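Visitor: Please show me the structure and let me ask about it piece by piece.

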Amino acid sequence: MPPIRDSNTDRPSGVEFLFAAVSGVGAGCFTNPIDVIKIRLQLQGELEARGTYKKIYRNTFHAAYLIARYEGLFALQSGIAPALIFQVFLNGTRLGSYHFGRRYGITLNEEGETSVIKTALFSGVAGVTGAVAGSPFYLVKTQLQSQAAKGIAVGYQHHYAGTFDAFQHVWREGGFYGLYRGWYANLPKTFIGSATQLTVFGLVTDFLRPFETFAKQPLLLTFVGSLISGCCLAVVMQPFDVISTRLYNQGTNVNGQGVYYNGLFDALYKVFRIEGVLGLYKGIFPTLMRSAPHVVLCQVFYENLAQLYDKYYKVPR
């Protein structure tokens with residue numbers, strides 16, 4: 001299919017993936033602290049019925065206070081190295097694929113606007129591909145972020161000395177398979193999340209673009225579209241995000257099997273049976289606080305990089 005004539009058709013093919021990877025890393029630097037808080041809240045009261053356990057973290061802000069008090073401010077950036085590398089895989093693939101798909105008309109309808117089905121499938125598959133490829137980094141990121149001082153620890157504790165030590169331990173324990181333990185945990189989360197986020201973003205920006213205010217201010221258009229899509233992402237993704245956190249963080253026995261869950265469906269069943277529906281929505285507020293800004297920053301950084309590239313290389317917009 002010939003390229004759709006838009007502002008980026010004169011850029012080198014594939015540059016979208018570079019812009020997307022850099023944008024994901026930039027956004028991750030700002031949103032990692034709320035990710036740490038989200039992980040702690042999602043693990044609090046794991047497989048315990050509501051009302052039967054003491055809540056260490058009362059809410060998002062209390063969690064931030066306790067982490068800073070007991071572990072220091074830098075603890076809010078736990079797991080930052082593997083988290084940023086994971087962003088290269090995840091957003092470098094899914095966000096890059098989204099813009100690549102629009103550039104060549106893969107995800108557009110005959111009118112040149114967002115096709116819901118094409119965009120959802122294309123973005124969902126791209127998200128899953130990136131998540132699976134970067135799964136070892138997500139595994140270590142999650143386990144480092146859950147690691148806490150004794151007085152405020154929740155969930156399974158791994159006791160790593162740092163990122164390198166974590167990778168060494170995982171490799172010694174299970175080799176290559178150990179690095180990809182729980183790789184399937186992110187499949188529903190990233191497919192549904194990516195499909196929702198990028199399809200909503202496309203629909204919203206298509207709707208707003210004809211208005212004069214947004215036509216003259218592409219960054220404002222990107223901001224509004226990504227803010228709305230980021231909120232939608234958080235709501236639909238949350239139950240699967242809780243499950244992926246639990247599966248990646250759980251310890252293993254001598255046979256390399258999870259100590260709490262036997263797989264995705266077993267985790268869903270146990271959390272729902274013991275903790276109820278609300279158990280699947282633990283940490284929803286920090287998820288919103290992370291997802292919306294993260295998506296906004298990713299898309300705004302991407303738009304800025306694209307504008308800078310076009311200005312420097314004199315690409316017509």
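Questions on a predicted model

Guide: This is a predicted model, in which local features need pLDDT of at least 70, side-chain atom pairs count only at pLDDT 80 or more, and totals for chains, interfaces and linings use all residues. Residues are numbered from 1 along each chain as its sequence is written, and side-chain values use heavy atoms, with hydrogens and water left out.

Visitor: How many cavities of 30 Å³ or more does a search of the whole structure find?
Guide: A cavity is a set of points, on a 1 Å grid over the protein atoms alone, where a 1.4 Å probe fits but cannot get out. Grid points are joined across faces, edges and corners, and a volume is the space filled by probe spheres set on the points. With the limit at 30 Å³ or more, the search of the whole structure finds 1 cavity.

Visitor: What is the volume of the largest cavity, and which residues are the closest to its centre?
Guide: The volume of the largest cavity is about 330 Å³. Lining residues have an atom within 4 Å of a point. There are 24 of them here, and the closest to the centre are Phe86, Gln87, Leu90, Lys189 and Arg290.

Visitor: Which element gives the most residues to the lining of the largest cavity?
Guide: Helices are DSSP runs (H or I, at least four residues), numbered from the N terminus. Two or more lining residues come from each of α1 (15-43), α3 (80-103), α5 (135-146), α7, α9 and α11 (284-312). The element that gives the most, with 6 residues, is α3.

Visitor: How many salt bridges does the structure hold?
Guide: A salt bridge is a side-chain nitrogen of Lys or Arg within 4 Å of a carboxyl oxygen of Asp or Glu. By that rule, the number of salt bridges in the structure is 13.

Visitor: How far apart in sequence are the parts that Lys189 and Asp241 tie together?
Guide: Lys189 and Asp241 form a salt bridge through their side chains, at 2.8 Å from N to O. Lys189 belongs to helix α7 and Asp241 to helix α9, so the pair links parts of the chain whose separation in sequence is 52 residues.

Visitor: Is Lys189 buried or exposed?
Guide: Buried means under 20% relative accessible area, exposed over 50%, and partly exposed in between (1.4 Å probe, protein chains only). Because its relative accessible area is 9%, Lys189 is buried.

Visitor: What joins Arg246 and Glu275, and which helices hold them?
Guide: Their side chains meet at 2.9 Å, N to O, in a salt bridge. Arg246 and Glu275 are both buried. The pair ties together parts 29 residues apart in sequence, since Arg246 lies in helix α9 and Glu275 in helix α10.

Visitor: Is Glu71 buried or partly exposed?
Guide: Glu71 forms a salt bridge with Arg40, with 3.1 Å between the closest N and O atoms. Glu71 lies in helix α2 (residues 60-71) and Arg40 in helix α1, so the pair ties together parts 31 residues apart in sequence. Arg40 is buried because its relative accessible area is 0%. At 25% relative accessibility, Glu71 is partly exposed.

Visitor: Which residues does Ser123 touch, not counting those up to four places away in sequence?
Guide: Ser123 is in helix α4 and is buried, at 1% relative accessible area. Contact means heavy atoms within 4.5 Å. Not counting residues up to four places away in sequence, Ser123 touches Arg94, Tyr98, Ser194, Ala195 and Leu198.

Visitor: With which residues is Ser226 in contact, leaving aside its neighbours within four places in sequence?
Guide: Ser226 is part of helix α9. Its relative accessible area is 0%, so Ser226 is buried. Leaving aside neighbours within four places in sequence, the contacts of Ser226 are Phe201, Val295, Val296 and Gln299.

Visitor: Where is Tyr260 found?
Guide: Tyr260 has 31% relative accessibility and therefore counts as partly exposed. Not counting residues up to four places away in sequence, Tyr260 touches Glu46, Leu47, Tyr156, Gln250, Asp266 and Lys270. Tyr260 is found in the loop between α9 (218-249) and α10 (264-275).

Terms used
On a 1 Å grid over the protein atoms alone, a cavity is a set of points where a 1.4 Å probe fits but cannot get out, and a pocket is an open set with protein on both sides within 12 Å along at least five of seven lines; lining residues have an atom within 4 Å of a point.
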